[in-house]
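Subject: Structure handover

Hello,

Here is the structure I promised to pass on. Please open it first, then read my notes below with the model in view.

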Amino acid sequence: MKKIGIVGVGLMGRSLAMHLLNAGYTVFVHDLVDANVDAAVKLGAKRVSAPADMTTQTDVIMLSLPNSNIVNDVVQNALRLFECKRKDLVLIDTSTPDPETSIGLARRLREHGIEMLDATISGTSEMFVEKDVIFMVGGTESVYNDHKDIFSTLAKDSYFLGPNGAGGICKLVANCVLTLNRFALAEGLTLAKKAGLDQEQTLAVLKKSAAYSKAMDQKGMRMVKRQFDPPASRLSSSYKDARLILSLGARIDCPLPLMSLAVQAMASEVAKGHQNWDPATMISFYNNIAGFDS
């Protein structure tokens with residue numbers, strides 16, 4: 001079986017390591033947070049003294065990192081892939097990247113004999129624990145086919161969408177719809193409360209109605225109970241992705257009026273210091289403008 005390195009074993013990367021280890025893969029890990037590495041080692045992963053060691057010890061390196069700037073820095077300065085002499089190494093970036101940046105990175109790596117897949121994940125960290133996620137993949141189709149065993153180990157399904165950048169674009173499309181589902185839920189629950197309905201009972205009804213969405217399962221009770229910390233994901237990540245969605249829309253002249261409003265609402269919550277809370281905190285935005293205390 002392929003030996004796999006993982007850089008970034010936080011909320012999502014920890015599940016990458018866990019599922020691969022459970023399937024019998026040899027897994028090497030690195031993270032700037034020692035506690036994250038310690039947790040992965042307890043599961044059976046191997047610690048590396050330096051990220052660049054993965055280039056000689058593994059067949060595949062997977063990244064689970066916050067943004068494209070950090071991905072580029074890790075590839076160049078930590079993994080030192082542009083200095084690597086391996087010609088059979090494959091990089092799988094599971095982060096949510098800026099598609100244009102991802103395309104440029106893949107092109108540079110290919111010039112050095114390294115193939116890259118942008119394999120973005122649709123699903124929260126809680127869903128990933130249960131493998132209730134999908135991978136949306138861009139890159140070379142033959143490389144994707146050669147590594148479908150990895151994706152089938154990690155998720156309920158994976159989809160090849162086209163050349164490098166396609167996985168990142170599809171993730172932004174999915175996150176656009178997901179974000180607006182969450183905002184619609186927060187708005188509806190606020191309307192229910194303002195009209196005198198019990199929010200928890202209303203949520204139960206909504207789940208059985210034609211309005212149902214997975215956002216209700218993932219964020220509904222968090223919104224009703226105001227359970228924002230500890231987060232299943234962080235508002236800062238959703239805010240970053242939302243701005244990437246607007247950037248993509250601007251680049252291809254695609255109007256996104258609803259997402260524009262969502263970004264402004266997210267900005268207001270980030271300005272209040274809620275960036276590390278769960279995105280369910282967006283109901284707080286509605287509470288404030290509706291005149292509720294919390």
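Arg80 sits in the loop that runs between α4 (68-78) and β5 (90-93). Its phi is positive, about 55 degrees, although Arg80 is not a glycine. Keep in mind that this is a predicted model. Most residues other than glycine have a negative phi, and most peptide bonds are trans. Is Arg80 buried, partly exposed or exposed? Its relative accessibility is 42%. Buried means under 20% and exposed means over 50%, so Arg80 counts as partly exposed.

Now go to the loop between α11 and α12, where you will find Arg226. Arg226 also has a positive phi of about 55 degrees, and it is not a glycine either. With a relative accessible area of 22%, Arg226 is partly exposed.

Stay in that loop, between α11 (214-225) and α12 (235-251), and look for Pro230. What kind of peptide bond joins Asp229 and Pro230? The bond is cis, with omega at about 5 degrees.

**Two packed helices**

Two packed helices are described by the angle between their axes and the distance between the axes. Take α13 (residues 257-271) and α14 (residues 282-290). They pack at an angle of about 90 degrees. Their axes are 9 Å apart. Angles of 65 to 115 degrees count as roughly perpendicular, so α13 and α14 are roughly perpendicular to each other.

Which residues make the contact? From α13 they are Ala265, Met266, Ser268 and Glu269. From α14 they are Met282, Ser284, Phe285 and Asn288. Sorted by class, this contact has 4 nonpolar, 3 polar and 1 charged residues.

**The whole protein**

Now zoom out. The protein has 14 helices and 8 strands. Its C-alpha atoms fill a box of roughly 65 × 45 × 35 Å along the principal axes. How does the radius of gyration fit a compact globule? For 294 residues, such a globule would have a value near 19 Å; the protein has 20 Å, which agrees.

Of the 294 residues, 50% count as buried. The accessible surface comes to about 13,500 Å². Carbon and sulfur atoms account for 54% of that surface.

One last point is about contacts along the sequence. Take the contacts between residues at least 6 apart in sequence. Of these, 65% join residues at least 24 apart.

Best wishes

Conventions
Residues numbered from 1 in each chain as written. Predicted model: local features only at pLDDT ≥ 70, side-chain atom pairs only at ≥ 80, totals over all residues. Heavy atoms only, no water. Axes fitted to C-alpha atoms, helices over the stretch in contact; angles between N-to-C directions. Helix = DSSP H or I, 4+ residues; strand = E, 2+ residues; numbered from the N terminus. Parallel < 35°, antiparallel > 145°, perpendicular 65-115°, else oblique. Contact = heavy atoms within 4.5 Å. Nonpolar A, V, L, I, M, F, W, Y, C, P; charged D, E, K, R; others polar. Rg over C-alpha atoms; globule rule 2.2 N^0.38 Å. Buried < 20%, exposed > 50% of the residue type's maximum accessible area, 1.4 Å probe, protein only. Areas by Shrake-Rupley, 256 points an atom, 1.4 Å probe, with all protein chains shown as cover.
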